[in-house]
Amino acid sequence: MAGKRSAGLLVYRRRAGAVEVLLGHMGGPFWARRDAGAWSIPKGEYDDTEEPRAAAFREFQEELGLEPPSGELIALGDVTQSGGKVVTAWAVAGDVDPDAIEPGTFEMEWPRGSGRMREFPEVDRVTWFGLDEATEKILAGQRELLERLREYLES
């Protein structure tokens, strides 16, 4: 996976004085029974022909089936996930209704080695989490994005 790059949006809102972030639980059989460390910001891969910011907006729409919130983008920089993928992210304030999500899908061979292709949702559910709970839920390689958002909002 070394050399692969993804871009994504971390949507946040304030509720009763607390910051909440929108995370998606990764779809597919590998993540089905996992919770802690199985959530992600809406993100996806891009190549040299696409700007990271454009990819972040495209991937938000592809994964969630909704237009991304409009508003000031806060650059959160890059983080490197355990497999070597570099994720570039921006935060944006918005209020997305998780019930309105219509996730995109991907196809993979399942069960592995069976020769049968099955379709799975990119994300199987989307939820708002407070920053502390989100830190437990999100992929370890993306936790730094939450910390950077927290620092920005507290400054």
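Author: Two strands pair if DSSP finds at least two bridges between them, and strands (E, at least two residues), like helices (H or I, at least four residues), are DSSP runs numbered from the N terminus. This is a predicted model, in which local features need pLDDT of at least 70 and side-chain atom pairs count only at pLDDT 80 or more, while totals for chains, interfaces and linings use all residues. Residues are numbered from 1 along each chain as its sequence is written, and side-chain values use heavy atoms, with hydrogens and water left out.

Reader: How do you know that β5 and β6 pair, and in which sense do they run?

Author: β5 and β6 are joined by 6 bridges and run antiparallel, and since at least two bridges are required, they count as paired. Within this pairing, isoleucine 74 stands opposite alanine 91 in β6. The hairpin of these two strands has 5 residues between them, and glycine 84 takes a positive phi there, near 100 degrees.

Reader: What makes β1 and β6 a pair, and how many bridges do they have?

Author: β1 and β6 have 8 bridges in the parallel sense, which meets the requirement of at least two.

Reader: Why does glutamate 59 count as buried?

Author: Buried means under 20% relative accessible area, exposed means over 50%, and partly exposed lies in between (1.4 Å probe, protein chains only). Glutamate 59 has a relative accessibility of 8%, and therefore counts as buried. This residue is found in helix α1, residues 52-64. Its contacts (heavy atoms within 4.5 Å), not counting residues up to four places away in sequence, are with Ala7, Lys43, Gly44 and Glu45.

Reader: Why is glutamate 107 called exposed?

Author: The relative accessible area of glutamate 107 is 54%, so the residue is exposed. Glutamate 107 is found in strand β7, residues 105-109, and, leaving aside neighbours within four places in sequence, it is in contact with Met117, Arg118 and Glu119.

Reader: Why is alanine 16 called exposed, and what is its relative accessible area?

Author: Alanine 16 has a relative accessible area of 90%, and for that reason it is exposed. The residue is found in the loop between β1 and β2, and its phi is near 50 degrees, a positive value in a residue other than glycine. Aspartate 48 has its place in another loop, between β4 and α1, and is exposed because its relative accessible area is 85%.

Reader: What makes a group of residues a nonpolar core, and which residues have the most contacts inside the largest one?

Author: A nonpolar core is a set of buried Ala, Val, Leu, Ile, Met, Phe, Trp, Tyr and Cys residues joined through side-chain atoms within 4.5 Å. The largest such core has 22 residues, and those with the most contacts inside it are Leu10, Tyr12, Val21, Leu23, Ile41, Leu76 and Leu149. At least two of its residues come from each of β1, β2, β5, β6, α2 and α3, and the largest share, 4 residues, is supplied by α3. A second, separate core has 17 residues, among them Leu9, Leu22, Tyr46 and Val92.

Reader: What makes an open space a pocket, and how much space lies in the largest one?

Author: On a 1 Å grid over the protein atoms alone, a pocket is an open set of points where a 1.4 Å probe fits, with protein on both sides within 12 Å along at least five of seven lines, and its lining residues have an atom within 4 Å of a point. The volume is the space filled by probe spheres set on the points, which are joined across faces, edges and corners. The largest pocket holds about 730 Å³, and of its 31 lining residues the closest to its centre are Met26, Trp31, Lys43, Lys85 and Leu139. β4 gives the most to this lining, with 3 residues.
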